[in-house]
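Open the model in your viewer and keep the selection panel at hand. This tour goes stop by stop.

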Protein chains: 2
Amino acid sequence: MEDLIYKKIIHDLKKRIFNNEFPSMRLPDERSLTAEYEVSRSSVKRALSSMAHQGIVFKKRGSGTFINPLYLKSQSSFNYEGTNLGITDSLKSDGKKQGIKVLDFSVIPATENMKTDLFLNEDDFVYQIRRLRLLDDEPIMIETGYIPIKIAPELSRAIVEKSIFNYLEDTRGQHVTRSFLSIQVEPSNSEDQELLGLTENEPVGVMSGIFFMDDGTPFEISNMRIHYKYMNYSTFVSLD
Amino acid sequence: MEDLIYKKIIHDLKKRIFNNEFPSMRLPDERSLTAEYEVSRSSVKRALSSMAHQGIVFKKRGSGTFINPLYLKSQSSFNYEGTNLGITDSLKSDGKKQGIKVLDFSVIPATENMKTDLFLNEDDFVYQIRRLRLLDDEPIMIETGYIPIKIAPELSRAIVEKSIFNYLEDTRGQHVTRSFLSIQVEPSNSEDQELLGLTENEPVGVMSGIFFMDDGTPFEISNMRIHYKYMNYSTFVSLD
DNA sequence: TTATAAAATTGATGCGGTCCAATTTTAAAA
DNA sequence: TTTTAAAATTGGACCGCATCAATTTTATAA
């Protein structure tokens, strides 16, 4: 548990919500929470705002703060608590066995697109990493990633066989916490069909995007072609 | 333009970013902005946090706040400015002609799932609304929605032929600003193929979810089967 | 010149407060 | 009893301050 006050409040309120301490679905008002936790109202507000943003609660001026009934039902999608974005962490909780089969590990010159997206110079090179991801020995996605060599010059096939993001976290203390993602749908091509065991009219989900490190440095361009049965992206969307 | 200070700051900073007033990609530090805009530092921080959350900038403690190079490149995905979630608003900017063909408009008893998700009682009824959405006369998605009659008892086929969310906004001043969304991929079924003009091995994207009003009241369960060529969901993901 | 240490810069967290606006509750009036 | 008006409740916006931690810059020493 972090030692930040507002995170402690969030953590505690989540626990109390699941303990069914608020059967009316209404949280105590901000001023009471301020007294109860013996913190400033700002900290309480910060905690509640964050929870509202995550879709855990709804705030209604003049009335109170209320628990989203859906939060109690489908906690899984609300409770992403990894320190990294990326596949390894997101599949962790399922209790299933993850596998990675490296299809390609090479170095190529950056294309124009890569230069823009990864913020590279004229003669920069990138790793090209193609991997087949397995879940309980079933192939679930083909992942193609491009990482600037100058960001991780010591990358090796051995590292790539495990989680690249976790490696970065362990050795550099850097986390990959942000990503700009695009989700699309395509019929499977012959390679998809072969590697993922799909028939001709079984499609793939395509998730492509750029992953950033904490400080905003673009770290990787990634393209994932996902077996349609394993494709499930859930999110809480909120304007403002 | 809203009259909230932090929103004005966001608006102005966005403008200045596009005006290329920060060629170093670095924004002025928070204390300078505080002086420049003659507001409190809290307001500046609020604006910058929001922009960081949207992926417009990255903040780096001890160093400064930096513009995400991608923001300059692909503003479109960053600049959603509708007042409602939902299709009508998201397709608006493209300058293409929207069409709606109502396939079904009926009232049915709520199923168990609907009762939980829409917070309904034993004998509540819902509208079942099936619509085919067109873009420039091309069919792009089959949308099936369920709305509790008690929330919108005066709904009519005429309203349903246009935007339901906009109707709600105009008559009730309520906005649909939140949604819990799931994205999946499926092979097209025969109805998809017929209505969307797909062949057997052309798939659909499936977006299903619950839409909430400002105050957290669940308003609609929706299921959208989208022509794969028109399926494109972009988002900025950020842990914390 | 290079390496090291101190100082300045810059965002992060937290406190406490004022005033406001939407809503609900209570009291008063019809 | 019902309607209406006042009061209390509750979250929203904003201000200003103190202190901290990461980073960069500057000054000092080797």
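Which helices and strands of chain A and chain B each supply at least two residues of the surface near DNA strand D? Select them in this predicted model. From chain A, take helix 2 (30-37), helix 3 (41-53), strand 1 (57-60) and strand 2 (64-67). From chain B, take helix 1 (5-18) and helix 3 (41-53). Helix 3 of chain B gives the largest share, three residues.

**Stop 1: around DNA strand D**

Now show the 24 residues around DNA strand D. Those that come nearest are Glu30(A), Arg31(A), Ile5(B), Ser43(B) and Arg46(B). Colour this surface by residue class: four are nonpolar, nine polar and 11 charged. Next, turn to the DNA atoms within 4 Å of the protein: 68% belong to sugar or phosphate, and the rest to bases.

- Arg31(A): a side-chain N or O atom is 2.7 Å from a base nitrogen of DNA strand D.
- Lys59(A): a polar side-chain atom lies 3.1 Å from a phosphate oxygen of DNA strand D.
- Ser40(B): a side-chain N or O atom is 2.8 Å from a phosphate oxygen of DNA strand D.

**Stop 2: around DNA strand C**

Switch to DNA strand C, which 23 residues surround. The closest are Ile5(A), Ser40(A), Ser43(A), Arg46(A) and Glu30(B). Sugar and phosphate make up 67% of the atoms of DNA strand C that come within 4 Å of the protein.

Which helix gives the most to this surface? Select helix 3 of chain A, with three residues. By class, the residues near DNA strand C are four nonpolar, eight polar and 11 charged.

- Ser40(A): a polar side-chain atom lies 2.8 Å from a phosphate oxygen of DNA strand C.
- Ser42(A): a polar side-chain atom is 3.4 Å from a base nitrogen of DNA strand C.
- Arg61(B): a polar side-chain atom sits 3.2 Å from a sugar or linking oxygen of DNA strand C.

**Stop 3: inside chain A**

Select residues 3-70 of chain A, where an unreviewed UniProt entry places the feature "domain: HTH gntR-type". Over this stretch the chain is 54% helix and 12% strand. Its end C-alpha atoms are 28 Å apart.

Finally, pick helix 1 and helix 2 of chain A. They pack at an angle of about 105 degrees, with axes 13 Å apart. The two helices are therefore roughly perpendicular to each other. Show Ile9(A), Asp12(A), Leu13(A) and Arg16(A) in helix 1, which meet Leu33(A), Glu36(A) and Tyr37(A) in helix 2. The residues of this contact are four nonpolar, no polar and three charged.

Notes
Residues numbered from 1 in each chain as written. Chains lettered and ligands numbered in written order. Predicted model: local features only at pLDDT ≥ 70, side-chain atom pairs only at ≥ 80, totals over all residues. Heavy atoms only, no water. Near = heavy atom within 4 Å. Polar contact = N/O pair within 3.5 Å; in protein donor to acceptor, adjacent residues only side chain to side chain. Helix = DSSP H or I, 4+ residues; strand = E, 2+ residues; numbered from the N terminus. Nonpolar A, V, L, I, M, F, W, Y, C, P; charged D, E, K, R; others polar. Axes fitted to C-alpha atoms, helices over the stretch in contact; angles between N-to-C directions. Parallel < 35°, antiparallel > 145°, perpendicular 65-115°, else oblique. Contact = heavy atoms within 4.5 Å. UniProt positions renumbered as here; feature names shortened; annotations may be inferred.
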